[in-house]
Structure formats: C-alpha cells, structure tokens
Amino acid sequence: MGTTNMKLYYIANARMPTEKAHGIQVAKMCEAFVEERIDLTLVVPRRVTEPQSIEEYYGLRVPIKLVKLPVLDWYTGGRLGYFLSSFSFMVSYLIFLWKRKRKGEKFILYTVDMDNYSSSALTLLGIPLFSEMHGSKPPTLPQRMLFRRAKGIIPINKIIVAELQSHFPNSSAKYIVEPNGVDLSKFSTKHNKKDAREQLGLPVDVPIVLYAGRFFGWKGLEILPQAASITPLVRWQTVGGGQADFERLVKQSLPKNLFFAGSRPHSEMSLWFSAADALLVLGTARDVQSYRYTSPMKLFEYLATGRPIVASSTPAIHEIVSEKEVLFYLPDDAENLAQVVRYAVSNDEKLLPLTEAAMRQATRSSWSARAKRIVKFMGENTNSNIYA
C-alpha cells in the first residue's frame, strides 16, 4: 500500500509567544519538525501577547507558519473565563480545519495537553490525531473521546503511560514515551568560568550553586533558603524570578547568601551555567506534578553544560537521569541537599565522569532527535509520508 504526503497542523491552546516554559517546548518542537522537512502550521488562539514574532522571541532558526484564530480572550478570568475561552478556541479550530478538509487537504493533527478538554473536539474531524501528554488525565467524557479516537499518545514519562493505560484501558492508541529535550546549538559555545563570572558581575572566588527556573509553588522552593542557611560559604544563585515573588511563595526569612538575578534572556543562560560550580534541579514529594510528572527542560539544558548537576531524587527525575549523570539529594531534606551541594561545588575532578555522561545523555535528548522519533511514530501509525 502506498504512502501519501501529508501536512501537519499543531493545535495548541496556548498564548504564543509566552514567557512560560510550555511556550519554549511548543516553539522548539515546531522548529525541530520544520527542520525535519515537515510541512507544519502552528494553530493557536489570538490573544494579547508579546509583539515579537515567535521566531524572534524564541530565537528560532527557521520560520514557522502560524495561524492565530479568533477567540474570547478571557483566559485569565477564573475557571469560567478559561473554560469559555477554550470552548471558543475549539469552535474556531473546528471551523478552520473543517474548511481545509472540505478543500481536499490531507493532513495529520498534533496537539499538547494544555488542559483537560480543549483538544477533545479534534476527534470530531475524523483526522489522524497525535497528542502529547505532560501529565495523567481523568477519565472524563472529553478525555474518553480523545483516547477512543487518537492514533498515538506521546507521554513524557513511563509513569504517565501506566496511569493513562489504567484510566483508558479500551483505547487502541499507540504509545511512545518522549521526555522533553534541549537545543544543543545553544550550548555549543563554552565559556571559561572566571570570564563568565566577570561578565555577569559575580564573585570569582566563591563557590556558586545555580537554580534556574521560574518560581512556582509546586516546585518546592522552600528548601532553597533552608539549605542556603546551612552552607554560608556557598553562594546560592537563582535566575528566573525576583526576590519579592520568591518571598511571597516561601513565606520565610532569607539568608544573605541567597541571591536573585530576576528573569534573564534565554540567550544569556549558557553564560550563567558556565559561571556556576553546580546546577540545581528541585523536586518535592508534597506535589504530585513535581514528584511524578514533570520533565524539566532546565534539566536537559543542564546536561549539555559540562557542570555537575544536583537533582531531587523523585520518580519523575529518575525517569530522565540516573546516578551515572547526576548527584541526587533526598526530596524536601534541606540538610541532605546542603551536604550534596557542598560535595558538588568542591569536587570538579572527581565528578568529571558524571559530567561527561551527562553530555552524552544530552546528545540523545535533543529536540531534533525527539522530532525524528515522533515523525517515525506518526508515519508508522498512519501509513503516511509526512515529509514535505
């Protein structure tokens, strides 16, 4: 049986561009698909956002065809506002895609689980559908619709696979596990540690552990001031949020060796990583998203830096790395985190095998490699050639 050339419509109920991490993930996957010669169009709601194009905002190497559909932009108006806005996006994308189907276009649908319902209407079109899943899903009517008709599910870890298969045992959808990825080109230039610190105005003679990422309650940020107070000779540097936001979340006094650089351009992050003696990935047992489901993009970036990584020993993080690549600390144990950080910032030579193994892991975890595997998966499950 022959194959047919297909287009790919990536449907995302997301503001684009956005400062949030999911925007980077969507943009980098679109870039990787296009670089794989996929005829891709990204379809999103038309919302008030940054004036820059997604190519400018995310520093993409290739242009992305983008369609912004009219919606009720009430996404920030509580649960009802979000639901009505998402429903209006569902109506808009159904009209948009139905017109293309009526014109005889051949295409495949790709989506990501920004919520628990807005992708479900895609199943009404009778078009092959593939959905990324970044968390478990309840067996609601909209989700049962999606799992009944989806061709393929792309969860970011095996824990999510087990829960989805338990919740939707009658689904015939195929599964492929694909954690998040990294753009290796952003880390091709290595900076000398001393030079990086001088450029950033950091002290050159103090051990530095760096936490990079936005401040959210589910990340377990309370451990940072607790561990910092135990290690007064280490500079605990954060990049991604301001001190006022941090204090509102943790509601505790901060030690003098905990510093905040605020939000910085993504293009500057390789300099920050180079300036650090060790890089930190948080995870807490007090939040199910953090403990079981997350696939932190920062961890994948860390792997490519050549710096020692200190990571929370959660099931979600163990899905991505092992003791061969990182140093683990016990979740929510500030004493243990402080102990591991002390070791990490003072044993460069001993930790060389870990950092070399981490860089090898990063090569396997590139967005490009991820896109290649997903394209193959879609082709095998649609008998289609989706290359342009």
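Is R286 buried or exposed in this structure? R286 is exposed, with a relative accessible area of 57%, where exposed means over 50%, buried under 20% and partly exposed in between, using a 1.4 Å probe and protein chains only. This is a predicted model, in which local features need pLDDT of at least 70 and side-chain atom pairs count only at pLDDT 80 or more, while totals for chains, interfaces and linings use all residues. Residues are numbered from 1 along each chain as its sequence is written, and side-chain values use heavy atoms, with hydrogens and water left out.

**Salt bridges**

- Side chains of opposite charge can pair when their charged atoms come close. A search of the whole structure finds 23 salt bridges, a salt bridge being a side-chain nitrogen of Lys or Arg within 4 Å of a carboxyl oxygen of Asp or Glu.
- D183 forms one of these salt bridges with R61, and the closest N and O atoms of the two are 3.0 Å apart. Because D183 lies in the loop between strand 7 (174-175) and helix 6 (193-200), and R61 in the loop between helix 2 (54-58) and strand 3 (65-69), the pair ties together parts that are 122 residues apart in sequence; helices (H or I, at least four residues) and strands (E, at least two) are DSSP runs, numbered from the N terminus.
- D183 counts as buried at 9% relative accessibility, whereas R61 is partly exposed, with a relative accessible area of 43%.
- R248 forms a salt bridge with D245, with the closest N and O atoms 2.2 Å apart, and both residues lie in helix 8 (residues 243-250), three residues apart, which is about one turn of the helix. R248 counts as exposed at 54% relative accessibility, while D245, at 37%, counts as partly exposed.
- D332 forms a salt bridge with R286, the closest N and O atoms being 3.1 Å apart. This pair links distant parts of the chain, 46 residues apart, with D332 in the loop between strand 13 (327-329) and helix 13 (334-344) and R286 in the loop between strand 11 (278-281) and helix 10 (288-293).
- D332 counts as partly exposed, at 29% relative accessibility.
- Salt bridges that share partners join K28, E31, E35, R61 and D183 into one network.

**Two loop residues**

- S366 lies in the loop between helix 14 (352-364) and helix 15 (367-380), and this residue is buried, with a relative accessible area of 11%.
- The side chain of S366 reaches the backbone nitrogen of A369 at 3.0 Å. Leaving aside neighbours within four places in sequence, S366 is in contact (heavy atoms within 4.5 Å) with V182 and L184.
- L124 is placed in the loop between strand 4 (107-112) and strand 5 (129-133), and L124 is exposed, with a relative accessible area of 53%.
- When neighbours within four places in sequence are left aside, L124 is in contact with L94, M145 and R149. L124 and V62 are 62 residues apart in sequence and, from C-alpha to C-alpha, 32 Å apart in space.

Technical notes. Polar contact = N/O pair within 3.5 Å; in protein donor to acceptor, adjacent residues only side chain to side chain.
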